[in-house]
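The report below is meant for a reader who is meeting this structure for the first time.

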Amino acid sequence: MKKCILVLFLSIAMILGAGSAMATPDDTFVVANYGTVGTLDPAVCYDNEGYDRLWSLYETLIFFKGGETEQFVPLLATEVPTMKNGGISADGKTYTFTIRKGVKFHNGEEMTPEDVVYSIKRSMVVDQDGGPSWMLLEALTGEGGTRGDDGIIPGIFEKIDKSVEAKGDKVIFHLPNPYPPLMGILVNPLSSVVSKKWATANGCWDGDMANAAKFNNPEPGKEPLQGVENGTGPYKKKLWETSKQFIFERFDGYWGGKAKIQTAIVKYVPEWSTRKLMLKNKDADRVHVDQQYVPEVQAMKGVKIYEVPTLSITAALFCQKLETSGNPNIGSGKLDGEGIPPDFFADINVRKAFLHAFDRNTYKKDVFNDLAIMPSSPNIEGLPYHKDAKVYEYDLKKSAEYMKKAFGGQVWEKGFKMIITHNTGNDQRQAAAYMLAENIMSVNPKFQIDVRNVEWKDYWVVLRQYVYPIFIIGWFADYADPHNFMYTFMHSKGVYGRYMGVSNAEVDKLAVEGIQKANPDDRRKIYHRLQDLWYELALGVPVAQPIGIHAFQENVQGYVPNAMMTTHSHFVNFSK
Amino acid sequence: MLAFITRRFLFMFVVVFGVSVLIFSILMTFSPERRAAVYVRSPQQAQNLPQLVESLGLNDPFYIQYFRWVKELTHFNLGYSVVAARPVWDAFKSFLPVTLELNLYSVPIMIIVGIWLGTISGIYHDTYIDHITRIFAIIFWSLPTFLFALILLMIFYGYFEVFSPGIISDAYSVYIHDNPDKYTQYTHLLTIDGILNGRFDIAWDAAKHLFLPVVTQVMVIIALLLRVMRSSMIEETSKDYIMTARAKGADKKTINFKHARKNALIPVVTVAGWLAAFSMSGSIEVEVIFTRQGLGWWLANAAIQLDIPVIMAMCMFMGIIIVTANLAVDILYAYIDPRIRLS
């Protein structure tokens, strides 16, 4: 009987299994990834996985020049404006783009300069909470959003209306102040061009500023273009089964000519073993590889691996004004050997002691398999005006010296207890937390540091309550400009700066001036000084700038790595 | 019987209401910021958490939030699933067939084979057949589902290059989408629809994608049923009435399969009913490893990310399924043992 069952099982297996796996056809490209997409509305989408879809469906006026993040090529514009060609005014406040003719939307309608103007304005009018609109709003209106504490900011829609206009075949942007990263923002899918007629017919803002408030801040998921698209890009959406797959179909009316890949499929495959087998069996042309699995992929035959430094940084940041009430991370809340006071990290000696306790070289080698750049400040490699600033080398003797100076010697004498937190599941951040904790504890047995993990969503919620003495967190570039990093990390109102409790008049002044100057030499001086200040003020430990790993089948041609497009498969350039 | 069934169905509404209040109350213990965080996909977005809390009304009192949800429900609006990026009802309709199709094949197999193996093991207990089935049961009951699924995937897909993960091949997926006039999705179950449309190649392809997930699910759950059935069978065959039947020289087959097995089935029916009901909430490991996004995958992700409309909807769905399964089990009791009266 058992024999019969075994034979039956194997027979079914062999019959069913025959011919199951086969390589993808030459005109089809399959990606296996684990990111999901929330929306296809360019005015709302604000994550890399969403950008990946939108960059193939929609187009912007300009795009990255190959692997460059600061140089651009024209796309829906005919030329990249510069001061030299007169496209950018001498004062840096006016940008003029000539719009390409003969470009068709996926529904066959021809694109006009009015569509460009409408799209840019709509992307500002929508301004969903937590959305990307702030980028265009900051550059074109000088405001970081359309709403303040008392609701919609008076006059904001008028400012939006005046910020961009069409004149003949030209579209002109009027900036209140010079804003050097504007070109980087115009590459972001936020600046994608949609058809005004089609968008209005689908329930979007009608282009009349008198009605703008009604279309402002739509509930997440209820934005009219959430699941539909009509771009000018080389691919159309054929099928989107959320959390399963996204299928692109080549747009044969594309102005730039037919792409070689006719069908592109992005599959949601959360399990690494399955993705790996898909790559091995050639069922996927590209798979997402997390750093810990790189050696497994390197051992595979017929696979090409690209190593691309990302424009992102992970840092361990010190909070200088901690909340004491109900804070489980600071023990007694006093410098009595059983906790730390709320201003523990306000003492620069404590900060320097921790910085000297981080072993950069070992961390890079052991944790990242050398697949990381060790940054000296948030102005990481690949950003303009980056320089190799001074760093605090690993030296536990110096760490001890600074601890002895901290709080007039009380820290060394009494010791302390605290907790370092990192988000659950991030092994690299966990390793950084343990390295800091163990090295500091080795300096003086009275120092006691525990490491705990917190679920990512909770981590963010709790971070806002100033309860983490050290928080380990990352940042990915919105655009390739130091403003996006240095303001975020160093300004007293920056996204992270505020939760670090930093307040330095020189830093705040420079972080604001950096974005207001058009002259590259002036900006270089400002950002170089800020990088020096990061070191002098010892604000945090720049932990790592990860290198992204992209694994392709060997026969895939045309992939150009770009640090701003970490997950993007630019199918239009691919062939097999 | 009819009155019993009607009463149980009416009871279902009470259960669903109770479940909804209970789950909603538990979810309210999370801070408004924590509940709004499901909309945050990047550090950049997290800056606007307070505004999100405000605009979503998450600071409102419990009863207002609950009645707002009930009001939407009366308009047949179950809310929006951030995890699935579409309305809950649409997402449910899309994920349900994936789970349903897996259970359509795995549940009958696991019940039939589990009972059969348990019976054999019980009858021949302490013989080599019993030892083999017990070892089988111990191995598969102790083996984590994800590990067994991975082993199967490695052997069949990794080594033999058969049985691709997923639900159906890309070409068929595109064909079904592109040809709604030629291919009608009567049931949204690919194997059934393939046959109904005369597209046996599609049904065949779907069956191939189902094979390993079904085997995984069956092997793991069969082990439990086998053990319950075996114990029950051993207990039943040692009872006086069986001894009497044997002493009277009744046929061995009749004693074992007609008398003993029928009575031994009562505890097994309860377990099988629950297993079948819980299988409907999806097997997370099977769905993740074989890339079949069904209800299990959806619910697990929704729970992790606090996607409240999904959690509420799935809890109500599970309430309905459990009540229905209990009803089915009660009816089966009456069938197996006529002494049990449903009235």
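## A helix pair in chain B

In this predicted model, the helix α7(B) contributes B:T133, B:A137, B:F140 and B:W141 to a contact with α11(B), where the residues that they meet are B:M219, B:V220, B:I222, B:A223, B:L224, B:L226 and B:R227. Sorted by class, the residues of this contact between α7(B) and α11(B) comprise nine nonpolar, one polar and one charged.

The two helices concerned are α7, which covers residues 128-142 of chain B, and α11, which covers residues 200-237 of chain B, and they pack with their axes 8 Å apart and at an angle of about 130°. Because of that angle, α7(B) counts as oblique to α11(B), and the crossing of α7(B) and α11(B) is left-handed.

## Chain B as a whole

When contacts in chain B between residues at least 6 apart in sequence are considered, 70% of them join residues at least 24 apart.

## Chain A as a whole

Chain A has 19 helices and 19 strands, and its C-alpha trace spans about 85 × 75 × 40 Å along the principal axes. The radius of gyration of chain A is 26 Å, which agrees with the value near 25 Å that a compact globule of 576 residues would have.

Of these 576 residues of chain A, 52% count as buried. Among the contacts in chain A with a separation of 6 or more, 70% are accounted for by residues 24 or more positions apart.

## Where the two chains meet

The contact between the chains brings together 44 residues of chain A and 46 residues of chain B. On the side of chain A that touches chain B, at least two residues each are supplied by the helices α1 (2-17), α8 (272-280) and α15 (456-463), and likewise by the strands β9 (235-241), β11 (263-268) and β18 (470-476). When that side of chain A is divided by class, it has 19 nonpolar, 14 polar and eleven charged residues.

Definitions and conventions:
Residues are numbered from 1 along each chain as its sequence is written. Chains are lettered from A and ligands numbered from 1 in the order in which they are written. This is a predicted model: local features need pLDDT of at least 70, side-chain atom pairs count only at pLDDT 80 or more; totals for chains, interfaces and linings use all residues. Two residues are in contact if their C-beta atoms, placed from the backbone, lie within 7 Å. Helices (H or I, at least four residues) and strands (E, at least two) are DSSP runs, numbered from the N terminus. Ala, Val, Leu, Ile, Met, Phe, Trp, Tyr, Cys and Pro count as nonpolar, Asp, Glu, Lys and Arg as charged, and the others, Gly among them, as polar. Axes are lines fitted to C-alpha atoms, for helices over the stretch in contact, and angles run from 0 to 180 degrees between N-to-C directions. Angles under 35 degrees count as roughly parallel, over 145 as roughly antiparallel, 65 to 115 as roughly perpendicular and the rest as oblique. A crossing is left-handed if the near helix is turned anticlockwise from the far one by less than a right angle, and right-handed if clockwise. The radius of gyration is taken over C-alpha atoms; the globule rule is 2.2 Å times the number of residues to the power 0.38. A residue is buried if 20 or more other C-beta atoms lie within 10 Å of its own, exposed if 12 or fewer, and partly exposed in between; C-beta atoms are placed from the backbone.
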